[in-house]
Amino acid sequence: MGAGRRMKRKQGAPPSYEDLQRAKQQKTNGKQNQGRGQKRSAPSDFSDSRSNKRQSNGSRPGRPMRDVYMSGALGVKTTEGKPAKAVNGRIAKPKIIPKEEPVRQEDEEDIDIEDEEDDLTSKGSSEDGVDLLQSEEVLQVDEDDSPEEDEFGSSVFDSEEDTPAQKETMFSDDENDSDAEEILTAANIAGLSAKLDAQQEADAAASKQELQDSAIQTNLTTDIPRVLPSAEEVASDDEDPTVAPKSALTLAPDLQLLRTRISDTIRVLEDFAKLAEPDRNRSEYRSQLLKDVCAYYTYSPYLAEKFLNLFPPREAFAFFEANESPRPLVIRTNTLKTHRRELAQSLIQRGATVEPVGKWSKVGLQIFESPVPIGATPEYLAGHYILQAATSFLPVMALSPQEHERILDMASAPGGKVTHIAALMKNTGTIFANDSNKARSKALIGNIHRLGAKNIIVCNYDARQFPKVMGGFDRVLLDAPCSGTGVISKDPSVKTNKTPRDFLALPHLQKQLLLCAIDSVDHASSTGGTIVYSTCSVTVEENEEVVQYALTKRPNIRIADTGLGSFGISAFTAYMGKTFDPDMKLCKRYYPHTYNVDGFFVCKLQKIGPSPRAGGAKQQQNGEQVSSKTTATTTQDTSVARNNKDQDTEILKDMLIDPEDDFGGWNEEEDRALIEKAEKRAARRRGLDIRGVRKQAEASTALTNGTDGTGKVKALCKI
């Protein structure tokens, strides 16, 4: 339904039915007068005579005159019961008061003004009409109220003309005249101005009172939060130390109160000069904040204080909050088997909601919801993707491996980063995936096979021994073991199980690993000479201090740009009185409250010269002795000299390797049977005599394990 007539006008009581009919009639008559010029509509009193024809004697047959003015016919009543007076030979139109009953609907035919005048004249001059008016009770009209004759000599009123009575009539829309603005004049301007000012003051006072009632602080500078215990409370606790404080007697802290107090304390520390209580110092507020954080977020005081020193109070609060919610589930597309768009379409068809992890990565996808387990889809089993944290992409992106390079991953389990390197190298070159934990190496091998990486060699060494085992790599990736303070959302136990001893032992191990990684890189590599150091920790002791130590011990390296662009926060160049290398700002930090990723640290180092080694003269002397006993083809003889029995024993002893360790070993008898079966099958396909093939194989084996031309027994070492 559309808007009613009432809604188009000013709100108020609805008009009466008579007012509506009168307005409608005025509108209709106005349109007819505009179209016909001098034509006017006939009064409603003579609506019954429209269908009668004029007669030659000036009278109109039909309804008598008395019926027109009868109160019963018109539905009106007289005011005083007196007959109407004749003015200038004409009967004045009575002043009528409409009844509550509806007004008759007028026909749309027009009557000429001349017809109306003739009708009124004939009726006024008729003796019968005069007698009837004198004898019957009609409406009394005073001479002063009689209308003046118009230019046509007629006393008929136009529906568009306003009479004094009509002007004084009050309609329902006029009942709110008191709300209308008073007309501004020179006499009342001062009074109206004062009235307006008083009204504005009253409104302002009401608004202020409303704000106070709703506990909305309109002036924060004057509101000093009370977050510290009073002197009386502290004194009462000191008097009787055997009695536990009142707050300690409660079974569980009021979390809402703690959160409110944490927010108030942070606000005070941000504007200490204005919001601090008198005779209170900053250390008291920090101590109170530390207690509340430990109670609310269940951190150990040591770790909570470390985070409060790392961030400003407001940012530390955001960091604590971010650690309470999990990070989005992220997968990495295996470009060796598929593309990200194809993988996304496959997962969407299975009902998953996915989107790119960000503009900084071309292989990452975020999974928001999925009706099927992401780790059990056919695409996962086929090796099209691997579940991997978004920050684990960053070290490989900073390493930027190239095809046909020789790369070492010193701590590669469970295989997310090393398979990423293999995908970037397109299964070319050689990658050595090392991990010191044999149990984790099993998961590493499984992921390598599932993802289809064919250029990876898995080994199980202590990474600190790698320069002695093998060196000369183009690039080395070291994702060092750390405290895990950046992945608290995954492992909440970090909040309480980390002690000061952990933050002494872990940085010591990380420093050793980083020096070994630097020594394992070939500085003369035409394409590489790069080391990437990363941790999933946010503490300075495990990141900036470790890199600074490496710069001090190895002057042949320098910090390089990570190539990650604007994604990430620059590392610290100064922290709690400690100053680091100015290029430390090239390193990148990532926090859960800034990028919604795990806390992470990435540093890229470039080796520009050879590393100094202890015992270098002894190694050079041994090399000279070996070279004096060899011919022009010194490569094979040098390897034989380095692998004598005494040197093998020393190497095994230095690496602390158990000779009985079966990792990476093989069963010779089982392998021999399989080899013979394969050789027999191959000989049959080629139509060769298997006996001759075996004799040739035995001869080659005897030549390999027997004596060579010089009569010396070859010493082989299995590592």
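Some ground rules come first. Because the model is predicted, local features need pLDDT of at least 70 and side-chain atom pairs count only at pLDDT 80 or more, while totals for chains, interfaces and linings use all residues. Residues are numbered from 1 along each chain as its sequence is written, and side-chain values use heavy atoms, with hydrogens and water left out.

Let's start with the overall picture. The protein chain has 29 helices and 17 strands; these are DSSP runs numbered from the N terminus, with helices being H or I and at least four residues, and strands being E and at least two. Of its 719 residues, 36% are buried, where buried means under 20% relative accessible area, exposed means over 50%, and partly exposed lies in between (1.4 Å probe, protein chains only). Take the contacts (heavy atoms within 4.5 Å) with a separation of 6 or more: 72% of them in the protein chain join residues 24 or more positions apart.

Now for the inside. In soluble globular proteins, nonpolar side chains tend to be buried together. Here a nonpolar core is a set of buried Ala, Val, Leu, Ile, Met, Phe, Trp, Tyr and Cys residues joined through side-chain atoms within 4.5 Å. The largest one has 66 residues, and F320, L514, V547 and L605 are the ones that touch the most other members. Helix α22 gives this core its largest share, seven residues. At least three residues come from each of domain 1 (2–47 + 225–281) and domain 3 (393–659); those bounds come from an automatic or database domain assignment. There is also a second, separate core of 29 residues, with V357, I421, I431 and V597 among its members.

What does L514 touch, leaving aside its neighbours within four places in sequence? The list is L478, I531, Y533, V546, V547, A550 and L605. Another residue to look at is Q510, which sits in helix α22 (residues 502–519). With 0% relative accessibility, Q510 counts as buried. Its side chain makes a polar contact with the side chain of Y533 at 3.4 Å; such a contact is a pair of N or O atoms within 3.5 Å, where within protein one must be able to donate a hydrogen and the other to accept it, and residues adjacent in sequence count only if both atoms are side-chain atoms. Not counting residues up to four places away in sequence, Q510 touches A480, P481, C482, Y533, T535, E542 and V546.

Next, move to helix α12 (residues 282–297). Buried residues of α12 include Y285, Q288, D292 and Y297. The buried residues of this helix pack against α10 (255–270), α11 (272–275), α13 (301–310), α14 (313–322) and α21 (494–497). Just after α12, T298 takes a positive phi of about 60°.

Y299 lies in the loop between α12 and α13. Is Y299 buried or exposed? It counts as buried, at 4% relative accessibility. The side chain of Y299 makes a polar contact with the side chain of N323 (3.2 Å). Beyond four places in sequence, the contacts of Y299 include V293, F307, F320 and I488. Y299 and K498 are 199 residues apart in sequence, yet their C-alpha atoms are 9.9 Å apart in space.

Finally, the annotated sites. An unreviewed UniProt entry places "binding site" at positions including A413, G416, D435 and D479; UniProt positions follow the numbering used here, feature names are shortened, and annotations may be inferred rather than shown by experiment. A413 is in the loop between β7 (406–409) and α18 (416–425), and is buried with a relative accessible area of 11%. Leaving out residues up to four places away, A413 touches D435, R440 and L444. G416 is found in helix α18 and counts as buried at 10% relative accessibility.

The unreviewed entry also places "active site" at C536. That residue is in the loop between β11 (530–535) and α23 (544–553), and C536 is partly exposed, with a relative accessible area of 21%. Leaving aside neighbours within four places in sequence, C536 is in contact with C482, G484, T485, G486, V487, G599 and F600.
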